[in-house]
Amino acid sequence: MALDTGPAHGTEALARLAEEHVDHRFKGLPPDAYGLTVAELAGQRRNLFTDGFTTPVLALSAERLEHNLKLMETYSARHGLAFAPHGKTSMAPQLFQRQIEHGAWGITLAVPHQVRVARAFGVQRVFLANELVDAAALRWISSELDADPDFRFVCYADSVRGVALMDAALTEASASRPVDVVVELAAGEGARTGVRTEAECAAVADAVAGARTLRLAGVAGYEGEVPDADPEKVHAWLRRLVALAVDFDKAGRFEGLEEIVLSAGGSAWFDAVADVFAEVPALSVPVLKLLRSGAYVSHDDGHYRELTPFNRVPGEGALEPAFRLWSQVVSRPSPAQAFTNAGKRDAAYDLHLPFAQVVRRDGVERPATGIEVTGLSDQHAWLRTTAQADLEVGDWLGTGLSHPCTSFDKWQLIPVAEADGTVVDYIRTFF
């Protein structure tokens with residue numbers, strides 16, 4: 001059964017988030033806010049440090065969030081790219097909406113549940129960066145397409161078997177609108193998903209052409225999986241992807257389309273995507289050059305700070321890390337050791353441990369000199385402290401995080417704070 005998922009419904013659904021009541025589900029929020037609506041709490045403009053928030057608490061910087069949204073909007077426009085940021089990073093419909101307001105073509109997602117979330121909040125264009133073979137999910141997608149002529153959905157195909165499964169499920173569902181698919185070209189042998197050779201890509205495209213319920217819309221892939229990636233290898237693979245689109249077009253595989261979808265772009269090599277997609281020759285119809293980078297929205301203090309393409313092209317700007325996790329020192333058993341009350345339940349740790357940045361005591365903030373996070377238990381951070389560390393039980397420790405995707409997913413309601421600590425909004429996530 002299709003959801004009520006048009007733009008007007010999406011606006012109403014976003015408004016209803018503000019009507020949700022603050023309660024035990026949302027960690028870090030002031031206990032005396034229990035029973036208030038999110039809108040009422042936001043309207044109080046409480047201070048993160050002095051108005052009852054409890055540790056641990058994750059906050060997003062209002063200023064840095066807006067900076068990152070504007071920067072990627074400008075970057076995409078400058079390079080002639082459409083932008084479908086990967087929504088699995090935040091799974092936050094409020095951020096989806098802000099991304100769309102900042103020029104995004106639509107939202108990229110990875111699995112059917114994420115598409116359901118996006119549709120529940122009115123997202124009209126979805127790029128599913130995965131082959132979809134789940135029959136129940138395909139029936140639902142078909143019902144959404146049939147119910148809403150303005151809904152655009154595109155997904156990967158990377159096997160003849162997958163195409164057959166998709167067609168069977170959609171045929172059984174009596175689908176009236178075909179599902180648009182793009183053939184996924186693998187980033188190389190031993191890479192993640194995708195078709196390994198151009199000959200196999202042609203076989204998948206032939207299978208799509210023979211399926212009544214599917215339509216070949218273009219080609220796509222993910223350059224972040226290029227083995228032993230460096231600029232030369234990534235550029236070479238992207239040129240393979242473009243050549244595949246050109247060959248398919250010459251063979252008449254895109255006949256009847258109004259545009260050809262050509263998509264790539266994670267958060268580490270979008271400069272290479274911009275370079276190579278600028279070289280795309282004129283094809284039989286216009287090309288939708290679709291970039292899918294998602295981590296930019298919050299950026300980070302570790303993995304993506306190291307890998308961001310803006311390190312290679314500093315003249316184009318710089319993303320700013322927007323997350324800070326605040327915890328409190330609860331034990332100082334020796335001069336060389338301390339513990340705070342944030343652990344694996346609260347902080348991303350799959351790529352790097354949190355980075356100690358600042359200490360707050362009595363309203364004064366200073367650098368976290370001589371403090372290093374060396375490990376995480378479920379609810380404790382292990383700190384190594386040197387003689388330079390001025391740290392006491394009760395101090396607040398602000399840490400930066402690495403990997404936005406595993407930072408957002410630990411928090412259901414995230415305060416958005418201005419530089420002085422004033423909380424101006426709350427971001428709801430759906431994982």
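**Helix packing, pockets and cavities**

Author: H3 and H4 are oblique to each other, therefore neither roughly parallel nor roughly perpendicular. Keep in mind that this is a predicted model.

Reader: At what angle do H3 and H4 pack, and how far apart are their axes?
Author: The angle is about 40°, and the axes are 9 Å apart. H4 covers residues 93-101.

Reader: Is that crossing left-handed or right-handed?
Author: The crossing of H3 and H4 is right-handed.

Reader: Which residues meet there?
Author: From H3, Leu65, Glu66, Leu69 and Glu73. From H4, Leu95, Arg98, Gln99 and Glu101. By class, the contact has 3 nonpolar, 1 polar and 4 charged residues.

Reader: New topic: pockets. What is the volume of the largest pocket?
Author: About 570 Å³. The largest pocket has 32 lining residues. Nearest its centre lie His86, Lys88, Arg192, Tyr222 and Gly266.

Reader: Which element gives the most to that lining?
Author: H11, with 3 residues. H11 spans 303-307, and strand E4 (125-131) also supplies at least two lining residues.

Reader: And how does the lining of the largest pocket split by class?
Author: Into 14 nonpolar, 12 polar and 6 charged residues.

Reader: How much space lies in the second largest pocket?
Author: About 370 Å³. The second largest pocket is lined by 22 residues, and Ser61, Arg324, Trp326, Glu418 and Ala419 are the closest to its centre. Strands E1 (57-61), E10 (323-334) and E12 (355-361) each give two or more residues to the lining, and so does helix H3 (62-78).

Reader: What classes line the second largest pocket?
Author: There are 10 nonpolar, 3 polar and 9 charged residues.

Reader: Now cavities. How many of 30 Å³ or more turn up in the whole structure?
Author: The search finds 2.

Reader: What lines the largest cavity?
Author: Leu325, Ser327, Thr340, Ala342, Ala347, Pro354, Val373, Leu376, Ala381 and Thr399. E10 and strand E14 (371-376) each give two or more residues to this lining. The lining has 7 nonpolar residues, 3 polar and no charged.

Reader: Which residues line the second largest cavity?
Author: Ser267, Phe270, Ser293, Ala295, Tyr296, His299, Tyr304, Thr308 and Leu319. That lining divides into 5 nonpolar and 4 polar, with no charged residues.

Note on methods
Residues numbered from 1 in each chain as written. Predicted model: local features only at pLDDT ≥ 70, side-chain atom pairs only at ≥ 80, totals over all residues. Heavy atoms only, no water. 1 Å grid on protein atoms, 1.4 Å probe; cavity = no way out; pocket = protein on both sides within 12 Å on 5 of 7 lines; lining within 4 Å. Points joined across faces, edges and corners; volume = space filled by probe spheres on them. Helix = DSSP H or I, 4+ residues; strand = E, 2+ residues; numbered from the N terminus. Nonpolar A, V, L, I, M, F, W, Y, C, P; charged D, E, K, R; others polar. Axes fitted to C-alpha atoms, helices over the stretch in contact; angles between N-to-C directions. Parallel < 35°, antiparallel > 145°, perpendicular 65-115°, else oblique. Left-handed = near helix turned anticlockwise from the far one by under 90°. Contact = heavy atoms within 4.5 Å.
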